[in-house]
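Please load the complex in a viewer and keep the selection panel at hand.

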Amino acid sequence: MTDRYPTSDPRPLPNPGWGPLSALPGNPLMWVLILSEMVVFAAFFGLFAWLRAGEREVFDASQQLLDPVAGGLNTMVLLTSGLFAALAVQAIKAGHVRRCRQWLWAAFALGVVFCVVKVVEYADKLGQGLMPETNTFFTFYYLLTGFHFAHVLFGLGLIALVAWRISHANVETAAAFWHMVDLIWILLYPIIYLLR
Amino acid sequence: MGAMQNALRNAATRRLLITWAVLMGLTLITMLSAQLGGEARLAALPLWSAGLLLATTFFKAHRVLMVYLGLSDASPAWRGAFVGLVLATLVLVASGYLVAQLA
């Protein structure tokens, strides 16, 4: 196994000894997780879009009951939290442990804001009697946003853990997970809340 | 503020901040293209609007992969695999959307 890119690129591989994963930055196992999560969500998004084709009126009427502005604000909150996580990685690379910890807690705080907005949204929907069994749209709404919400909670736990047991590898791995949570929401928001 | 000023000196950090600004702008474009105000919110999106919405979504996902996740430093094969997966997801969604509109 060569420790360089298979082209004329003179840079060393980020993870020599990891086979095909050698050319990926950060923890290779995190990339396995990111890829598998993306495939799972892609399958759900595709299924959602094709089921909508069969029940367009139900899906469009149900979508009108969601709050797309709150969803958009949550997108901005999560993307800003992602920026803070990326800045934490930059700080730890420069050896600034204290600054890294500050960025991590800033990312954590915005993650909590995302959760609060989501909980308010869930409470509103449940208060209106809109349950997962109401129709196919709401089954997918709760399934997809709930699955994503579980990832946000896990990510928050990971960030808190890493802020406590800080190291370059730990921060990079937690930030990669957090960016995956960003990425999934970037795809989820327009598909569930906006496309009609 | 001191921490922010130091961070701004760093080229990599500047790239992150520019990417964040682009992502914020694209999120606003996504929301605007979805025509959330007034009566338009009750109607189906025009095709150009749905196309713009999916295009901005693709570009946002691409930026997160390349800059936030650092995939721009990976091999072309991995970059192609991840970008291809995002593209395939959005093509699948767009095809379902078109079938719904034409039905």
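The tour begins with the conventions and then turns to selections.

This is a predicted model, in which local features need pLDDT of at least 70, side-chain atom pairs count only at pLDDT 80 or more, and totals for chains, interfaces and linings use all residues. Residues are numbered from 1 along each chain as its sequence is written, while chains are lettered from A and ligands numbered from 1 in the order in which they are written.

**Chain A as a whole.** Select chain A and display its C-alpha trace, which spans about 55 × 40 × 20 Å along its principal axes. Coloured by secondary structure, chain A shows six helices and zero strands (helices are DSSP runs of H or I of at least four residues, strands runs of E of at least two, numbered from the N terminus). Of the 196 residues in chain A, 43% are buried (20 or more other C-beta atoms, placed from the backbone, lie within 10 Å of the residue's own).

**Helix 1 of chain A.** Select residues 28–54, which form helix 1 of chain A. The 27 residues of this helix should span 39 Å at 1.5 Å a residue, and its end C-alpha atoms are 40 Å apart, which agrees (the expected span is 1.5 Å times one less than the number of residues). Among the buried residues of helix 1 are Trp31(A), Phe41(A), Phe45(A), Phe48(A) and Arg52(A). Their cover includes helix 2 (56–63), helix 5 (136–164) and helix 6 of chain A, together with helix 4 (76–102) of chain B.

**Recorded segments.** Next, select residues 140–164 of chain A, one of the ranges that an unreviewed UniProt entry lists as "transmembrane region"; positions follow the numbering used here, feature names are shortened, and annotations may be inferred rather than shown by experiment. This stretch is 100% helix, with end C-alpha atoms 36 Å apart. Residues 176–195 of chain A, also listed in that entry, are 95% helix, with end C-alpha atoms 28 Å apart.

**The interface.** Now show both chains: the contact takes 41 residues from chain A and 41 residues from chain B (residues are in contact if their C-beta atoms, placed from the backbone, lie within 7 Å). On the chain A side, helix 3 (68–93) is one of the contributors and gives the largest share, 12 residues.

**Confidence.** Finally, colour chain B by pLDDT, the predictor's confidence in each residue from 0 to 100; the average is 87. Confidence in chain B is lowest in helix 1 (residues 2–8), at a mean of 56, and highest in helix 3 (residues 47–68), at 94. Where pLDDT is low, the predicted coordinates should not be read in detail.

Definitions and conventions. Contact = placed C-beta atoms within 7 Å. Buried ≥ 20, exposed ≤ 12 C-beta atoms within 10 Å, placed from the backbone.
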